[in-house]
Amino acid sequence: MKRYLKAIMVTALGCMGLFAACKKDAAIPEYPGNASWDISFSVPQGWPSPYYAFKDNQLTKAGFMLGRKLFYDTRLSKDSSTSCGSCHQSFAAFSQTGHNVSHGVNGLLGNRNSPALFNLNWNTSFMWDGGVNHIEVQPTAPITNPVEMDETLDNVMNKLKADAEYHKMFIAAFGTDEITSQRMLKALAQFMGSMVSDNAKYDKVQRGQAQFSAEEAAGLTVFESKCASCHPAPLFTDHSFRNVGIKPGINNDSGRAHITLSPDDLYKFRVPSLRNLSYTAPYLHDGRFETIDQVLDQMESGIYVSPSLDPLVKDGLKLSAAERSNLKAFLKTLDDETFVSDKRFAEQ
């Protein structure tokens, strides 16, 4: 009987040791400075309720850190050359600076400009054509696209399962080391959903922490009368899809019609946010314009007329030289330097 009790105690102590080891393994890997990072999500004052608020995907530091590692891991691509962060660079408000269209595996080029990533929890759909309708599904599109990452989810899972650090991070984020595509996508959603840009000068003015210059204030007046219909504050997009008179390029990209197959949606693209424009050039769905002045020239006198043209732009944007200058000054107040320099989101 004593030997039996001793065996039970030895077994119990062994299990306790194993549990302690598992607890140690489950610790969040430390990177320079991350011990003090606050990982949380709250709706900025005066903003609408988000479409996605981590209801079934509790935001934790461990989940965020796992999503961050995945976002910058080139092994999510077929030839281990391209990560999510390759086309979405933190210093460019998670757009791809210097490239008019995305660059993927084997040096292949996509058809569209890599859109900036921020305030994604308010999106009801994703991509320039709205072809994805949920943040937890969105990464599957670039991962499996043959000219972007050209990989399969099964292959990605095999790569992650072969990495001991990922096992530790999945335990920390989800309680066990079971590595699944659903968990991977939830972790990526925690990372991407935390990218909130709400500390531009405009936001500080709204909070009573700063004041517009005379030129910026005049630019706000121009903005409210000429631009706010499609780019309302505070997100500076209405998340709609519109044909704003951009002449089709060599790829004859059909835009939203690619998804809906409706001729009424031909050449319609997502209305982008006007936040962080100083960091996100080149502009438009195919990155054809390098400067804001080129975009304004297009909107003033370059309207391409087609049956699905949005009525709001059919007559062009009429701006005096002073109005243009003031408008550009206001748009600069939407730049969020805090966001683009936030080390939590940058590649380690």
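Guide: A helix is a DSSP run of H or I with at least four residues, a strand is a run of E with at least two, and both are numbered from the N terminus. On that basis the chain has 13 helices and two strands, and proline 282 lies in the loop between β2 and α11.

Visitor: What kind of model are we looking at, and which residues count for local features?

Guide: The model is predicted, and local features need pLDDT of at least 70, while side-chain atom pairs count only at pLDDT 80 or more and totals for chains, interfaces and linings use all residues. Residues are numbered from 1 along each chain as its sequence is written, and side-chain values use heavy atoms, with hydrogens and water left out.

Visitor: How is the chain as a whole described, starting with the span of its C-alpha trace along the principal axes?

Guide: Along those axes the C-alpha trace spans about 95 × 45 × 30 Å. Of the 348 residues in the chain, 49% are buried, a word that stands for under 20% relative accessible area, as exposed does for over 50% and partly exposed for what falls in between, with a 1.4 Å probe and protein chains only. Contact means heavy atoms within 4.5 Å, and among the contacts with a separation of 6 or more, residues 24 or more positions apart account for 69%.

Visitor: Why is aspartate 286 called buried?

Guide: Its relative accessibility is 14%, and aspartate 286 therefore counts as buried. The place of aspartate 286 is in the loop between β2 (269-270) and α11 (292-301). Leaving aside the neighbours within four places in sequence, aspartate 286 is in contact with Asn100, Val101, Asn111 and Asn113. The C-alpha atoms of aspartate 286 and arginine 112 are separated by 4.6 Å, although these residues are 174 residues apart along the chain.

Visitor: Is isoleucine 250 buried or exposed, and what makes it so?

Guide: Isoleucine 250 is called exposed because its relative accessible area is 88%. The residue is placed in the loop between β1 and α10 (257-260). Isoleucine 250 and aspartate 150, which are 100 residues apart in sequence, are 23 Å apart in space, C-alpha to C-alpha.

Visitor: How do you know that leucine 185 is buried, and which residues is leucine 185 in contact with beyond its neighbours within four places in sequence?

Guide: A relative accessibility of 11% is the value on which leucine 185 counts as buried. Leucine 185 lies in helix α7 and, leaving aside neighbours within four places in sequence, is in contact with Glu136, Pro139 and Thr140.

Visitor: What makes the phi values of serine 80 and asparagine 276 worth a remark?

Guide: Most residues other than glycine have a negative phi, and most peptide bonds are trans. Serine 80, which is not a glycine, has a positive phi of about 55°, and asparagine 276, likewise a residue other than glycine, has a positive phi near 65°. Serine 80 is found in the loop between α2 and α3 and is partly exposed, because its relative accessible area is 39%. Asparagine 276 is placed in the loop between β2 and α11 and counts as buried, because its relative accessibility is 0%.

Visitor: Where are the cis peptide bonds that you list, and what is omega in each?

Guide: The bond from alanine 233 to proline 234 is cis with omega near 5°, and proline 234 is found in the loop between α9 (214-226) and β1 (241-242). A cis bond also joins alanine 281 and proline 282, where omega is about 0°.

Visitor: What makes α2 a mostly covered helix?

Guide: Ten of the eleven residues of α2 are buried, among them Phe64, Gly67, Arg68 and Phe71. The buried residues of α2 pack against α3 (84-87), α5 (153-161), α6 and α7 (181-193).

Visitor: How do the axes of α2 and α6 lie, and which residues meet?

Guide: The axes of α2 (residues 61-71) and α6 (residues 164-174) come within 7 Å and cross at roughly 145°, where axes are lines fitted to C-alpha atoms over the stretch in contact and angles run from 0 to 180 degrees between N-to-C directions. Ala62, Gly63, Met65, Leu66, Lys69 and Leu70 in α2 meet residues of α6 including Glu165, Tyr166, Met169 and Phe170.
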